[in-house]
Amino acid sequence: MPRGLSSSKFALLVIDMQNNFASVAKPILSEVNATIVSARRAGIPVIFTQHGHPDPENEEKTSVLVRWWGASGSIRKGSFDWKLLSGLDVAPNETVLDEKNTYDAFHGTRLKSLLDERNVDTLIISGVMTQLCCETTARSAFVQNYNVIFLSDGTGPPCEATLKTIAFGFGRVLTCAEMREKLDKTAKD
Amino acid sequence: MPRGLSSSKFALLVIDMQNNFASVAKPILSEVNATIASARRASIPVIFTQHGHPDPENEEKTSVLVRWWGASGSIRKGSSDWKLLSGLDVASNETVLDEKTTYDAFHGTRLKSLLDERNVDTLIISGVMTQLCCETTARSAFVQNYNVIFLSDGTGPRCEATLKTIAFGFGHVLTCAEMREKLDKIAKD
């Protein structure tokens with residue numbers, strides 16, 4: 001059950017910061033890493049996703065996503081493109097949801113159970129790609145009764161239409177600096 | 001399992017064409033009604049949604065959506081706002097999913113089972129509101145492995161950003177006239 005916002009229990013989701021998306025992930029990397037650090041200091045769980053397909057050629061038959069982008073346009077699990085950016089700050093005890101194979105980070109993954117076992121009511125969205133995985137996951141979170149915070153400069157590429165829609169109907173849009181300010185206050189308490 | 005597009009099995013979803021949304025629903029009503037008629041002639045199932053909350057004041061505690069829009073901003077089940085537009089063409093044997101309580105028409109409704117019992121692999125999205133319920137439902141359908149068709153002039157309000165994003169990552173954007181042309185060919189076969 002979601003609580004009032006004055007006692008929000010946060011989790012930070014870092015979506016698909018992989019080599020495949022380097023061109024849009026690298027520009028936001030330092031802001032995302034700094035926010036990860038603030039989250040840890042505040043005792044907020046940090047959860048990563050790593051999108052991949054074990055067998056894209058065969059998955060064209062069963063996966064609308066692989067059919068849409070084509071087998072060669074889909075991230076093959078284990079490939080260089082699949083690996084997380086080398087500069088991404090991932091702690092050894094932090095969960096990487098490498099079972100993600102569609103835009104929604106909840107679909108077919110452990111995400112919901114991880115959030116619920118920690119009584120999380122507010123999901124902070126970061127990573128890539130803004131209008132595909134980040135926005136689909138934000139919408140999915142809202143529908144499943146999580147409050148949503150969307151990091152405007154912690155998601156890439158920059159997409160004003162997404163930020164406008166999220167602010168209209170789904171959640172609060174904050175900069176990473178604004179988020180860290182909130183998290184640092186939580187750390188002090 | 002989704003089939004190849006050459007043998008698509010369609011369903012037409014008509015989302016929330018209610019008095020509450022009259023200002024954006026009435027402008028698309030004649031195109032939507034004409035597409036409904038074509039769907040019936042082609043024996044394509046037509047499924048309606050009717051969004052409503054039995055007890056908005058109490059649901060503010062449990063529903064992120066009711067908290068977001070406020071109890072007074074949420075559609076009360078049974079109210080005049082809740083009713084479907086009087087001009088909407090609903091046949092007596094067609095299903096109205098009045099259990100819908102959030103943006104995603106799949107969430108907590110019979111939609112998926114209705115589609116799967118008819119082996120539907122392609123969902124045609126119409127109705128309101130384009131960037132909220134229509135787009136969230138389209139994204140949800142894609143993630144659950146349905147092909148998506150989004151009707152540009154069969155959804156309201158007009159939202160170019162939504163149409164662009166759908167065309168980029170989720171499905172085919174067609175006008176209602178283009179959709180009726182395809183459906184009328186099926187009816188002739």
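Predicted model: local features only at pLDDT ≥ 70, side-chain atom pairs only at ≥ 80, totals over all residues.
User: What makes chain B as compact as a globular protein of its length?

Analyst: Chain B has eight helices and six strands, where helices (H or I, at least four residues) and strands (E, at least two) are DSSP runs. Its radius of gyration, taken over C-alpha atoms, is 16 Å, close to the 16 Å that the globule rule (2.2 Å times the number of residues to the power 0.38) gives for 189 residues, so chain B is as compact as a globular protein of that length.

User: Which residues have the most contacts inside the largest nonpolar core, and what makes it a nonpolar core?

Analyst: They are L88(A) and L88(B), in a core of 120 residues. The term denotes a set of buried Ala, Val, Leu, Ile, Met, Phe, Trp, Tyr and Cys residues joined through side-chain atoms within 4.5 Å. Buried means under 20% relative accessible area (1.4 Å probe, protein chains only), and 58% of the 189 residues of chain B count as such.

User: With which residues is L88(B) in contact, beyond its neighbours within four places in sequence?

Analyst: Contact means heavy atoms within 4.5 Å; among the partners of L88(B) are V14(B), M17(B), L29(B) and F48(B).

User: Where does the "Isochorismatase-like" domain annotation lie in chain B?

Analyst: The unreviewed UniProt entry places it at residues 11–159, and such annotations may be inferred rather than shown by experiment. Over that range the chain is 32% helix and 19% strand.

Residues are numbered from 1 along each chain as its sequence is written, and chains are lettered from A in the order in which they are written. Local features need pLDDT of at least 70, side-chain atom pairs count only at pLDDT 80 or more, and side-chain values use heavy atoms.

Key
Buried < 20%, exposed > 50% of the residue type's maximum accessible area, 1.4 Å probe, protein only.
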